Amino acid sequence: MIAQNDLTDISGRDLDKLFADAPPGDVPSGKGRGQALMATGTMAGPALTALVRILAWHGKDFDDPTHTLRNLITPLSIRAISADVYIDASWFDGRPCIVLDYSKTSRVAGFVRDEIRQIAPRLYLGLVYVGSRRAPIRFSLEFAEQ
C-alpha cells in the first residue's frame, strides 16, 4: 500500500498514472493533511514539499453538510479559500473524480479547479488546473481514521 510520504519519490508521469487508475472514492470529511507535490521523483521534491508545508499550505478541511471545503494556510493553519465540492468528469481523462471548484467561492482562487481521487485508504491524490490548463503541481491529502 502506498503512503503519503512515498509520493515525493514518484515521478510526475507515474503520479498521473496513479490518478488515472484510481476511483473517485467517497467525498472526504474533516481535515486532510496536505502535501504539495512538486518536482517529484527528484532530489528537490522532498525539500520543496517540506518548505510549502512549513510556510504556506497544510491541507483542506471538508464540511459535509455544505459540500464545501476551506484550505488550511500559513504556519497557523488558518481556514481560508473556500471551494465547492462535488463529483463530476475529470478534465484529465473524463472519468469521475471529486472536483474542488473555487470559481464561485473565492476571489483569490476563482480561476482554480482541483480534482482528487482516492489512491489508498484515507489517501487522495490531486491535480491542479489554473484556468483550463493543468498546473505543474499535484497534491495529496491524508485523512485520519474515523
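Which residues do ring pairs link into a cluster? Ring pairs join F62, Y124 and F143 in this way. The legends below describe close-up views of a predicted model, in which local features need pLDDT of at least 70, side-chain atom pairs count only at pLDDT 80 or more, and totals for chains, interfaces and linings use all residues. Residues are numbered from 1 along each chain as its sequence is written, and side-chain values use heavy atoms, with hydrogens and water left out.

View 1. Helices (H or I, at least four residues) and strands (E, at least two) are DSSP runs, numbered from the N terminus. Two strands pair if DSSP finds at least two bridges between them. Strand β1, residues 30-37, pairs with strand β2, residues 57-63, in the antiparallel sense over four bridges. Within this pairing, G32 stands opposite K60 of β2. β1 also pairs with strand β8, residues 133-143, again in the antiparallel sense, over six bridges. Here R138 of β8 is the bridge partner of L37.

View 2. Strands β3 and β4 run antiparallel and are joined by six bridges; R70 has S82 of β4 as its bridge partner. The hairpin of β3 and β4 has four residues between the strands, and T74 takes a positive phi near 70° there. β4 pairs with β5 in the antiparallel sense, also over six bridges, and D84 stands opposite D101 of β5. In the hairpin of β4 and β5, with six residues between the strands, G94 takes a positive phi near 80°.

View 3. A pocket is an open set of points on a 1 Å grid over the protein atoms alone, where a 1.4 Å probe fits, with protein on both sides within 12 Å along at least five of seven lines; lining residues have an atom within 4 Å of a point. Grid points are joined across faces, edges and corners, and a volume is the space filled by probe spheres set on the points. The largest pocket holds about 340 Å³ of space. It is lined by 17 residues, of which W57, K60, N71, V128 and I137 are the closest to its centre. Two or more lining residues come from each of β2, β3 (68-73), β6 (112-120) and β8, and β8 gives the most, with three residues. The lining comprises 13 nonpolar residues, one polar and three charged. In this count Ala, Val, Leu, Ile, Met, Phe, Trp, Tyr, Cys and Pro are nonpolar, Asp, Glu, Lys and Arg are charged, and the others, Gly among them, are polar.

View 4. Rings of Phe, Tyr and Trp (its six-membered ring) pair if their centres lie within 6.5 Å; planes under 30 degrees apart count as stacked, over 60 as edge-to-face and the rest as tilted. By this rule there are five aromatic pairs. One of them, F19 with F92, is edge-to-face, at 5.6 Å centre to centre and 90° between the planes. This pair links distant parts of the chain, 73 residues apart: F19 lies in helix α1 (residues 12-21), and F92 in the loop between β4 (78-89) and β5 (96-101). Buried means under 20% relative accessible area, exposed over 50%, and partly exposed in between (1.4 Å probe, protein chains only). F19 is buried, at 0%, whereas F92 is partly exposed, at 29%. Elsewhere, K60 lies over the face of F139, at 5.1 Å from the ring centre. A charge sits over a ring if NZ of Lys or CZ of Arg is within 6 Å of the ring centre and within 35 degrees of the ring normal.

View 5. Most residues other than glycine have a negative phi. A39, although not a glycine, has a positive phi of about 55°. A39 lies in the loop between β1 and α2 (44-55) and is partly exposed, at 37% relative accessibility. I81, likewise not a glycine, has a positive phi of about 60°. I81 belongs to strand β4 and is partly exposed, at 27% relative accessibility.

View 6. L127 is found in strand β7, residues 123-130, and is buried at 0% relative accessibility. L127 and L15 are 112 residues apart in sequence and 9.6 Å apart in space, C-alpha to C-alpha. V85, in strand β4, is buried at 9% relative accessibility. V85 and L55 are 30 residues apart in sequence and 25 Å apart in space, C-alpha to C-alpha.
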